[in-house]
Amino acid sequence: MNSANPTHTNRLAQESSPYLLQHAHNPVNWYPWGEEALTRARTEQKPIIVSIGYAACHWCHVMERESFENARIAEVMNQHFVCIKVDREERPDVDQVYMDALHTMGLQGGWPLNVFLNPEAKPFYGGTYFPPRNWTQLLESIGQAYKSDQRKELDASAEQFAQVLQASDLDKYRIPQAAEGLSDEQFKLLVYNLAKNFDRERGGMNRAPKFPMPSIWRFLLRTHQLTGSQAVLDQTLLTLRELAWGGIYDQAGGGFARYSVDAEWLVPHFEKMLYDNGQLVSLYAEAYQVTQDVLFREVVYDTIHFVQRELMSPEGGFYSSLDADSEGEEGKFYVFTKDELREILGDEEPLASDYYNCTALGNWEHGRNILHRRQSDAEFAQAHQLTPGVLADMVRGWKQKLMAVRETRIRPGLDDKILTGWNALMLQGLIDAYRAFGETEFLGLALRNAQFIQQNLRHGAGLFRNYKNGRATISAFLEDYALVIKAFISLYEATFDESWLREAEQLTEYTLTNFFDPTEEQFFYTDATGEALIARKKELFDNVIPASNSLMAHNLHRLGLHLDNARYTELAAAMLRRVQDLVVREPQHLTNWASLYAALLRPTAELVVVGPEAEVRRQELSRHYLPNAVLAGAKHSSSLPLLQGRTARNGETTLYLCFNRACQLPVHTVAELLAQL
């Protein structure tokens with residue numbers, strides 16, 4: 001463990017990643033991923049252990065405590081292996097390759113991810129968490145085998161796995177290029193295939209553990225807007241309501257945990273990740289635009305305030321995550337016993353306990369309660385003969401008192417590295433919230449973060465991935481570029497400041513030069529100028545963050561319309577064609593592609609606002625849910641293609657609606673424009 005005078009110090013002490021620094025005083029002779037470790041393995045012809053995790057990972061901490069801090073186990077590791085620690089959040093490229101290797105071996109993935117490689121960094125065995133006895137036995141058996149004749153078998157196995165890893169996913173999944181174009185019938189089948197997996201009682205998808213997966217519900221909001229399907233909207237709103245009422249949502253302080261271990265959204269894995277919260281702000285802001293539901297508004301405001309309070313750096317960047325554990329216990333920071341609630345809330349405790357479903361026995365470990373709800377404020381107020389206003393005041397008071405007590409507790413660990421793509425997701429969330437609510441504070445936070453990215457994460461014409469203590473050290477990945485480009489396009493649409501659109505264009509050109517594979521019409525995950533791993537992957541499938549290729553396809557479509565660039569729009573359509581059949585068959589893993597399908601099924605609306613009141617009209621227009629539209633505007637003239645020939649008629653602010661450059665009659669009010677849509 002870290003202490004003032006540690007017994008051991010390894011090379012991780014020179015790193016900035018909090019996860020790597022957690023292991024800097026293990027007796028294991030850890031190296032960070034890099035040429036020094038790989039060269040040593042080749043020179044000494046030693047096998048490699050790559051152990052991959054992240055700061056908020058509970059089982060990573062357990063394995064460290066049980067094995068990596070154990071001097072006897074560390075001695076076996078050091079004797080037989082070159083040991084490398086990787087923060088998967090800093091190096092998703094390394095994680096991607098070796099997680100894929102684990103799946104190729106027919107094993108279940110997860111973190112910590114522990115993979116055994118030959119000296120050429122090719123994998124031959126792996127797993128996730130190992131108890132100490134199993135880990136020791138495995139180390140000794142592989143260590144001995146590699147010194148014997150069995151080495152040839154292990155090397156041959158590693159060679160085979162490496163060849164499989166080098167195959168492209170389009171080949172691996174035998175995805176044919178779509179023979180037919182987009183159709184309403186095929187889109188219906190896509191939605192039907194997704195709906196087969198719904199949990200129709202508690203929302204989400206029908207399994208546990210349950211992840212929020214915002215891209216699924218954002219796709220379904222678009223589907224409702226496109227098709228008018230009430231069933232699709234009902235399932236989405238059920239999910240959003242249950243999420244917002246569940247223990248996965250921090251009822252006192254705002255913000256979402258990463259997932260719930262059960263099907264009811266009650267018991268979270270308590271770590272809070274920036275990437276989830278950024279996307280969920282976007283989702284709830286859009287849902288509010290559709291429904292005007294005050295619950296969704298509260299979730300957006302409280303989640304942004306959580307991020308601002310607990311994850312924002314003084315410079316305007318956003319930190320990565322909060323740990324699940326504090327004082328060695330998962331969730332201890334967030335839960336309360338009935339006695340604690342009585343002490344904090346006094347006479348109002350019985351009502352608050354009823355509101356948050358807290359009992360003397362508790363619904364969590366050691367008699368503690370995870371705060372959660374089971375009915376709307378209107379239903380609760382009626383059942384307890386309260387007016388809605390009185391209840392709202394009481395709830396506000398309970399939250400303040402609970403938060404005051406939490407402020408005195410030992411906080412969960414903070415992963416204070418700043419990641420470009422994750423910051424862009426939060427930036428996008430702030431922009432979406434600003435558009436939905438017109439809250440200038442949200443725009444101020446967004447602009448501050450965008451400027452932080454420009455000042456600290458730009459790398460010549462490109463981007464860095466990470467930032468901490470004034471240093472950025474890792475070249476960005478496709479995910480980072482795609483998310484920043486998306487956020488900058490949105491920032492232009494929220495401000496009409498053309499510089500953001502030009503930045504998006506410049507970064508898009510960089511990705512086309514350094515990431516694009518013209519053979520498959522998709523982008524590699526890694527920069528051509530970056531470090532070459534044993535395989536160069538392309539990300540096609542959504543995880544908790546949408547697939548970076550799907551994000552780029554969206555960007556090319558939107559930017560192509562803004563800049564009248566047919567090369568961009570045609571490439572977006574070509575990228576979708578490459579995966580279209582699989583999107584229809586397996587939509588739950590490709591919902592961001594499905595959103596692009598929805599966008600391309602009908603022409604995208606080009607909305608233009610010109611004139612002295614352009615900003616006022618933009619705000620008014622942005623309050624509406626318009627997923628298949630690009631928005632451009634200016635008070636005066638502009639050289640942007642969408643604004644060419646669009647003038648303020650008679651000096652009065654004028655709104656134009658166009659499809660494929662063919663325009664409706666110009667109008668002067670948002671209501672008239674929406675009527676044309």
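Predicted model: local features only at pLDDT ≥ 70, side-chain atom pairs only at ≥ 80, totals over all residues.
Reader: How many disulfides does a search of the whole structure find?

Author: The search finds two disulfides. Counting bonded cysteines along the protein chain, the pattern is 1-2, 3-4.

Reader: Why is the pair Cys57 and Cys60 called a disulfide?

Author: The sulfur atoms of Cys57 and Cys60 lie 2.2 Å apart. A disulfide requires two cysteine sulfur atoms within 2.5 Å, so this pair qualifies. The link is right-handed, with 80° about the S-S bond.

Reader: What makes Cys57 and Cys60 count as buried or exposed?

Author: Cys57 has a relative accessible area of 3%, and Cys60 has one of 2%. Buried means under 20%, and therefore Cys57 and Cys60 are both buried.

Reader: How do you know that Cys658 and Cys663 form a disulfide?

Author: The sulfur atoms of Cys658 and Cys663 are 2.0 Å apart. Because the limit is 2.5 Å, this pair is also a disulfide. Its link is right-handed, with 90° about the S-S bond.

Reader: Why is Cys663 called partly exposed, and what is Cys658 called?

Author: Cys663 has a relative accessible area of 36%. This value lies between the cut-offs of 20% and 50%, so Cys663 is partly exposed. Cys658, at 1% relative accessibility, is under 20% and therefore buried.

Reader: Why is Cys83 in no disulfide?

Author: The nearest cysteine sulfur to that of Cys83 belongs to Cys60 and is 16 Å away. A disulfide needs sulfur atoms within 2.5 Å, so Cys83 is in none. Cys83 counts as buried, at 1% relative accessibility.

Definitions and conventions
Residues numbered from 1 in each chain as written. Heavy atoms only, no water. Buried < 20%, exposed > 50% of the residue type's maximum accessible area, 1.4 Å probe, protein only.
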